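User: I am new to this structure and would like to go through a few of its features. Please show it first.

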Amino acid sequence: MTPGNHLDAVVVGAGPNGLAAAIALQRAGRQVHVIEADERIGGGCRTADLTLPGFHHDVCSAVHPLGRSSPFFASLPLERHGLHWIESPVEMAHPLDGGRAALVLRDVDATANGLGRDAGRYRALVGQPSRAWATIARDLLGPLRPFRALRHPLTSVGLAARGILPTAALVRAFRTEEARAILAGVSAHSMLPLDALATGMFGTTLLASAHAVGWPIPAGGSQAIVDALAAHLVELGGSIETGMRIERMGQLPSHRAALLDVTPRQLLAIAGDRIRGAYAAQLRRFRYGPGVFKLDLALDGPVPWTNPRVGDAITVHVGGTYEEIATSEHAVHRGRVSDRPFVLVAQPSRFDPTRAPAGKHTLWAYCHVPPGAETDMTEPILRQIERFAPGFRDLIIGRHAIGPAAMEAYNANYVGGDINGGLQSLAQFVTRPAVRLDPYSTPDPGIFICSSSTPPGGGVHGLCGAHAAASALRDVLA
C-alpha cells in the first residue's frame, strides 16, 4: 500500500517492533506509513520453505515466551487476525548423557520435584518471580525508570538480587547436574559467558516466564505474528510499503516524526547528517554481541531422543552439563568456536502439523559463534544432537545453513550475526543504545529509534516499538 497525502509518522522497518510502533501511533489517531527494505515483512520473524517444499522453517525467531506475555500484544486483537499459540507438555527439555533429561514443566512444584535434593533451592529461585510475572512483564520490560520499581519493591528487589549475579555464582547453591544444566541453558540465551554479571537475570526471568506463560510457538510459524500485526495496522488505516531500502532520510515521504527500527550503525548511516556530537559518538561505541550459526533440517521422522520425554518439548537445550556449556560460551567470547557448542533446538512440527508434510518433521537449531565467524558449524551441531539422539542423522532429508555473514546480509540489523541488536551486558543493558533520559529519542526531535537496540532489548514482544511510539506521541505528535 502507498501512503496518503498527509503523514504524521514514517516507520522504517516492518519487523515486530516497527509494526508495533506503527500500530501504537495509528491507534492514537496519527496517520502512519511503514517502509520495509525486503519484499516480505517480518525481519527476524519470518517463516519460509528453507529446505524442501512444504517444510516451513522459522528463519530466525521460533519460540516466543515474551510474545505471549507482551502487554502490548495482549492489547491487540491478534487472534482475530490468525495468531494462535501452541504450547508443549514440557516447556524445555535438557538431555544429559546416560539417557537422563532435566525437564522444565509449566508447574514450578512439578519441575522442582524432578530435581531431587535441589527441589527446595529451585522453588526459592523461581517461585516468586513466576508468581509475579505479570508485574515483571508490565512494569519492568521497558525503559529503566526507578519509580516503576518502587511500585513493587519486593518483586523488584528480589529480581535484582538474583539478576545481578552471574550464573556461575547462582549454580554454586545447586548440587544436581540436572538443576545446574537447566540454569546453564536458560542463562546462555544471554549470549554472554556464564561468569558475566546479569546472566542470572536471564536465567531467572526465562524460567519464570516458562512457569507463568509457557514457551509457546505460533501456529503456522513465526510469520503469523507479523502477519497479524500487519493486518491490524491496515485495519486501523495504516499503510505498508515493501521492497524499498532507506539509505538516507531524504528518501522518506513528508512526515512529522520518523521511527527507525534499526541498530545504531544503520541509524548513523541513514541520519548521520542530523545526529552528531556526543550522542553520535556513543552510537559509534555501541557494542554488538556474538553471532549465530543456524541450521534448519527437514527430517523423515521425529528426532529419536534417547530419553523419550525430550520429545514432549518444543524447546530443547543441547549441550550437556553446566561445565560444558560454560566452556562453550566462554570460548565464543574469547573469539573461538567450540567443537562442542551449546545448541538451541526447536522441534515445532511435533506439535504443529502444518509445519511439514504428513509423517515428516522440521528441526530448528543454532549455536553461538564469534562475530562474523566463517567456520561451518554444521558438523558440530549435528554431532551434539546425535549424542543425545542416536540415529538422528539418518533422518535428514534436507538442510539449510546460515552463518553470521549471511545473517547480516539477510537482515542488516544482525551486525556480525548478532540477532539481539547489541551486546546484552549489564552495562549496555542500562545504557541501551546511549546514555539518555529517553532511550528512544535522539538529538534530532523528529527522529526516534525503535529497534531491539533499545529497552527491553531482543525478543519478539513489540515493546521497543510501543515505547518509542509513546515517546514520539509525547514529544512531537501530541
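Analyst: This is a predicted model.

User: Where does Asp339 lie?
Analyst: The C-alpha atom of Asp339 is 8.7 Å from that of Ile381, and the two residues are 42 residues apart along the chain. As for its place in the chain, Asp339 belongs to the loop between α15 (322-333) and β13 (343-346).

User: Are α1 and α12 roughly parallel or roughly antiparallel to each other?
Analyst: The axes of helix α1 (residues 16-27) and helix α12 (residues 223-236) come within 10 Å and cross at roughly 25 degrees. Angles under 35 degrees count as roughly parallel. Therefore α1 and α12 are roughly parallel.

User: Which residue meets Glu235 in a salt bridge?
Analyst: Glu235 is in helix α12, and its partner is 155 residues apart from it, in the loop between α3 (71-74) and β5 (85-86). Glu235 is partly exposed, at 43% relative accessible area. The N to O distance in the salt bridge is 2.7 Å, and the partner is Arg80.

How values were computed: Residues numbered from 1 in each chain as written. Predicted model: local features only at pLDDT ≥ 70, side-chain atom pairs only at ≥ 80, totals over all residues. Heavy atoms only, no water. Axes fitted to C-alpha atoms, helices over the stretch in contact; angles between N-to-C directions. Helix = DSSP H or I, 4+ residues; strand = E, 2+ residues; numbered from the N terminus. Parallel < 35°, antiparallel > 145°, perpendicular 65-115°, else oblique. Salt bridge = Lys/Arg side-chain N within 4 Å of Asp/Glu carboxyl O. Buried < 20%, exposed > 50% of the residue type's maximum accessible area, 1.4 Å probe, protein only.
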